[in-house]
Amino acid sequence: MGVPLVPGLDRRVRIFPDLGAASGALARHLRESARASARERGRFSLVLSGGRTPVDLFHRLGRSGPRSWPWRDVEVFFADERCVPARSADSNFGSAWNAFLSRVPIPRRRVHRMRGELAPPSEAARRYGRLLGAMPRPGTGEPRFDAVLLGIGPDGHTASLFPDSPAVREPRAAVVPVVRSPVPPFVPRLTLTPAALSSAREVCFLVAGNDKAGALDRTFRASSRGDPRSPASCIRPDGPTTWFLDRAAAGRLAPGAA
Ligand code: 6PG
């Protein structure tokens with residue numbers, strides 16, 4: 001655990017009996033990262049992913065009081081969003097808001113929802129890209145974000161970067177539209193690109209379930225080069241990538257990969 005396994009890639013793997021244990025460990029990990037970042041830089045910028053896997057984690061964060069987290073210094077962004085209203089059951093923002101963001105004292109002006117339903121997806125992507133561009137950077141060459149939280153789909157997608165898609169190959173933009181989603185909900189989406197998601201001091205993946213085991217194995221095998229067919233392998237942060245896994249998701253990793 002915590003030992004770089006692939007030359008040039010600081011990949012750390014932590015395997016837990018179940019999603020609850022992995023979520024608890026990740027909640028503690030993020031709390032320590034937030035405290036250190038607030039102490040050293042007076043801020044902690046966190047990018048949240050969507051889907052079902054992080055909901056337990058969001059509830060745990062939502063129960064964390066101001067004595068444990070420096071909420072006043074936290075700023076929240078989203079890795080991707082479905083172009084639906086915030087109150088839709090398909091909204092990644094809605095899921096994080098209900099379980100977590102509405103329950104902690106993060107200044108509301110520091111929670112940045114992707115407003116994908118308020119404009120054509122390409123315009124909404126441009127707007128969010130401008131918001132990111134206006135973010136104060138701690139210093140030249142410093143990463144955009146302090147921590148990025150991601151999941152992975154059974155096909156290997158992460159955020160809304162689908163295998164072999166134009167979005168996963170985007171060389172410049174920070175945010176792009178995804179007009180047709182190959183996985184439900186079949187609505188247009190916005191997503192941060194690999195370049196934007198990689199501009200982070202650390203990336204944490206939370207992955208659970210047998211249905212992710214194949215994608216995880218393919219991603220680990222592709223990680224040394226970054227393969228657009230395994231989009232999660234294209235997320236290469238400045239600092240470590242830590243994988244919080246349950247045993248089921250880790251079930252097909254090659255010996256020594258974890
Ligand atoms: C999304 C998510 C997506 C998610 C994976 C895993 O908008 O759908 O950002 O990338 O992390 O699809 O989803 P589950 O956690 O629901 O399996």
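Me: At what angle do α2 and α3 pack?
Reply: This is a predicted model, where local features need pLDDT of at least 70, side-chain atom pairs count only at pLDDT 80 or more, and totals for chains, interfaces and linings use all residues. Residues are numbered from 1 along each chain as its sequence is written, and side-chain values use heavy atoms, without hydrogens and water. Helices here are DSSP runs of H or I with at least four residues, and strands are runs of E with at least two, numbered from the N terminus. The axes of α2 and α3 are 8 Å apart, and with lines fitted to C-alpha atoms over the stretch in contact and angles from 0 to 180 degrees between N-to-C directions, the packing angle is about 40 degrees.

Me: How are α2 and α3 placed to each other?
Reply: Angles under 35 degrees count as roughly parallel, over 145 as roughly antiparallel, 65 to 115 as roughly perpendicular and the rest as oblique. At about 40 degrees, α2 and α3 are therefore oblique.

Me: Which residues of α3 make the contact with α2?
Reply: Contact means heavy atoms within 4.5 Å. On the α2 side sit V55, F58, H59 and G62. From α3 come S95, A96 and A99.

Me: How far apart are the axes of α1 and α2?
Reply: Helix α1 covers residues 19–41 and helix α2 covers residues 55–62. They pack at an angle of about 45 degrees, so α1 and α2 are oblique to each other. Their axes are apart by 9 Å.

Me: Which residues of α2 does α1 meet?
Reply: α1 brings L19, G20, S23, G24, L26, A27 and L30 to this contact. By class, the contact of α1 with α2 has six nonpolar, three polar and two charged residues; Ala, Val, Leu, Ile, Met, Phe, Trp, Tyr, Cys and Pro count as nonpolar, Asp, Glu, Lys and Arg as charged, and the others, Gly among them, as polar.

Me: Which helix supplies the largest share of the lining of the largest pocket?
Reply: About 640 Å³ of space lies in this pocket, and of its 29 lining residues the closest to the centre are G50, G51, R52, R82 and H157. By class, its lining has eight nonpolar, 13 polar and eight charged residues. β4 (80–82) and α3 (92–99) each supply at least two lining residues. The largest share, three residues, comes from α3.

Me: What is the volume of the largest cavity?
Reply: On a 1 Å grid over the protein atoms alone, a cavity is a set of points where a 1.4 Å probe fits but cannot get out, a pocket is an open set with protein on both sides within 12 Å along at least five of seven lines, and lining residues have an atom within 4 Å of a point. The structure holds one cavity of 30 Å³ or more, and the lining of the largest cavity includes L9, F205 and W243. Points are joined across faces, edges and corners, and a volume is the space filled by probe spheres set on them. For the largest cavity that gives about 60 Å³.

Me: What is the volume of the second largest pocket?
Reply: The second largest pocket is lined by V111, H112, R113, R115, L118, A124, R127, Y128 and L131. That lining divides into five nonpolar, one polar and three charged residues. The volume is about 150 Å³.

Me: Between which strands is P185 found?
Reply: The peptide bond from P184 to P185 is cis, with omega near -10 degrees. P185 is in the loop between β6 (175–178) and β7 (189–192).
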